[in-house]
Amino acid sequence: MELNILWFWIIAAMFIGYFVLDGFDFGVGMSLPFLGRDDTDRRVLINTIGPVWDLNETWVIVAGASLFAAFPEWYATMFSGFYLALLLILLALIVRGVSFEYRHQRPESEWKKWFDGMIVVGSAVPALLWGVAFANVVQGVQLDAGHNYTGSFFDLLNPYALVGGLTTLLLFFTHGIVFVSLKTEGDIRERARKLAVRSGLVTIVVAASFLLWTVLAFGSLFTAVFAALAAVALIGSFLLNLKGSEGWAFTLMAATIGLAVLTLFASLFPDVMPASNDTANSLTIANASSTPYTLQVMSWTALIAAPVIFLYQGWTYWVLRKRVSRGTIEAAAH
């Protein structure tokens with residue numbers, strides 16, 4: 001396999017890691033109005049992701065840096081053309097991170113309410129806009145001969161992209177709620193499981209519609225296989241959640257997100273940024289990649305660093321595997 005093709009799939013794997021890990025962070029953040037009946041409940045929810053949210057978020061930094069190094073033309077076109085959407089994602093992530101750190105700095109309920117609201121917004125905006133952005137990449141955008149985006153921000157808000165954004169929003173929301181049921185005890189665990197059942201039904205309908213649209217409009221045999229597996233995993237997660245098997249339900253939700261991302265990248269291949277107005281202006285794996293030497297250096301670096309990163313992240317989750325309960329929060333407050 002040529003190195004530029006290899007790095008196309010490595011970047012796909014990095015975005016899978018990011019969407020699976022930060023995806024449930026977004027879902028937990030969005031669940032505050034639904035599961036947080038009082039401040040203790042909200043602290044339980046935040047503490048389920050408190051030790052790991054910043055670690056999960058680093059995946060997008062690695063993915064962006066790898067995209068810049070391996071496919072500089074792709075990076076330049078996407079980040080300049082989608083500048084406003086990506087800026088909104090960045091601002092939302094900043095707001096969310098600041099809120100996690102500052103909400104407990106003062107005891108007033110209004111202070112905490114303000115930051116809780118920013119956590120919800122800071123989780124929902126990226127969850128929606130990442131889907132919008134990737135759907136537009138798959139569908140193709142208007143590019144000139146120099147591979148510059150010639151459309152506007154509102155051109156990105158087309159029906160296919162909006163359905164893609166709604167799909168990621170619902171997938172991450174359900175993923176996060178299942179994670180809450182996996183990481184908590186008592187009443188909040190049971191309420192999270194019931195909410196995941198309700199949101200899961202809506203997610204199945206919307207996600208299936210988006211995947212079917214993707215396969216019919218942009219797909220191939222591989223795309224259809226990935227999409228079908230994603231649908232099976234999503235339905236399996238829903239059924240396992242009904243039975244109260246949170247661990248397997250969470251695992252299949254992670255598989256659903258991973259397979260959905262593979263569906264998008266398989267639909268894109270061998271392009272990286274199709275031009276909807278003229279295929280001659282499209283960016284492909286061949287014309288958007290770095291030099292072979294750069295890709296060789298990146299490959300050796302990744303081969304050395306990746307096992308260390310995976311071991312560290314796996315160890316972190318193992319150490320922090322215990323459930324969170326209202327009792328632990330109340331005990332810590334005294």
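The model is a prediction, so local features need pLDDT of at least 70 and side-chain atom pairs count only at pLDDT 80 or more, while totals for chains, interfaces and linings use all residues. Residues are numbered from 1 along each chain as its sequence is written, and side-chain values use heavy atoms, with hydrogens and water left out.

An unreviewed UniProt entry carries the annotation "transmembrane region" for residues 6-32, 74-95, 115-139, 159-183, 195-215, 221-240, 247-269 and 297-320. UniProt positions are given here in the numbering used for the model, with feature names shortened, and such annotations may be inferred rather than shown by experiment. Two of these stretches can be set against the model's helices and strands, which are DSSP runs numbered from the N terminus (H or I, at least four residues, for helices; E, at least two, for strands). Residues 6-32 come out as 96% helix and 0% strand, with 40 Å between the end C-alpha atoms. For residues 115-139 the figures are 100% helix and 0% strand, and the end C-alpha atoms lie 36 Å apart.

Next come the charged pairs. Side chains of opposite charge can pair when their charged atoms come close. Counting a salt bridge as a side-chain nitrogen of Lys or Arg within 4 Å of a carboxyl oxygen of Asp or Glu, the structure holds 12 of them. In one, Asp 22 meets Arg 96 at 3.2 Å, N to O. This pair links distant parts of the chain, with Asp 22 in helix α1 (residues 3-30) and Arg 96 in helix α6 (residues 83-102), 74 residues apart. Asp 22 and Arg 96 are both buried, where buried means under 20% relative accessible area, exposed over 50% and partly exposed in between (1.4 Å probe, protein chains only).

The side chains of Arg 191 and Asp 41 form a salt bridge at 3.0 Å, N to O. Arg 191 belongs to helix α9 (residues 187-218) and Asp 41 to helix α3 (residues 39-49), so the bridge ties together parts that are 150 residues apart in sequence. Arg 191 and Asp 41 are both buried. Asp 116 and Arg 42 also meet in a salt bridge, at 3.1 Å, N to O. Here helix α7 (residues 109-139) supplies Asp 116 and helix α3 supplies Arg 42, linking distant parts of the chain 74 residues apart. Asp 116 has 7% relative accessibility and so counts as buried, whereas Arg 42, at 22%, is partly exposed. Through shared partners, salt bridges join Asp 39, Arg 42, Arg 103, Lys 112 and Asp 116 into one network.

Phe 115 is also found in helix α7, and its relative accessibility of 7% makes it buried. Leaving out residues up to four places away in sequence, Phe 115 touches Ser 99, Tyr 102 and Arg 103, with contact meaning heavy atoms within 4.5 Å. Phe 115 and Arg 96 are 19 residues apart in sequence, and their C-alpha atoms are 8.4 Å apart.

What about the nonpolar side chains? A nonpolar core is a set of buried Ala, Val, Leu, Ile, Met, Phe, Trp, Tyr and Cys residues joined through side-chain atoms within 4.5 Å. The largest has 87 residues, and Phe 19, Phe 71, Trp 74 and Trp 130 have the most contacts inside it. Helix α1 gives the largest share of this core, 15 residues. Beyond its neighbours within four places in sequence, Trp 130 is in contact with Phe 15, Tyr 18, Phe 19, Phe 26, Val 60, Leu 86 and Ile 89. Another core, of seven residues, lies apart from the largest one and includes Val 215, Ala 227, Ala 230 and Ala 233.

Most residues other than glycine have a negative phi, and most peptide bonds are trans. The peptide bond from Phe 269 to Pro 270 is cis, with omega near 5 degrees, and Pro 270 sits in the loop between α11 (246-268) and β1 (271-273). His 147 has a positive phi, near 65 degrees. Rings of Phe, Tyr and Trp (its six-membered ring) pair if their centres lie within 6.5 Å, with planes under 30 degrees apart counted as stacked, over 60 as edge-to-face and the rest as tilted. The count comes to 34 aromatic pairs. The ring centres of Phe 68 and Tyr 75 are 5.1 Å apart and their planes stand at 75 degrees, so this pair is edge-to-face.
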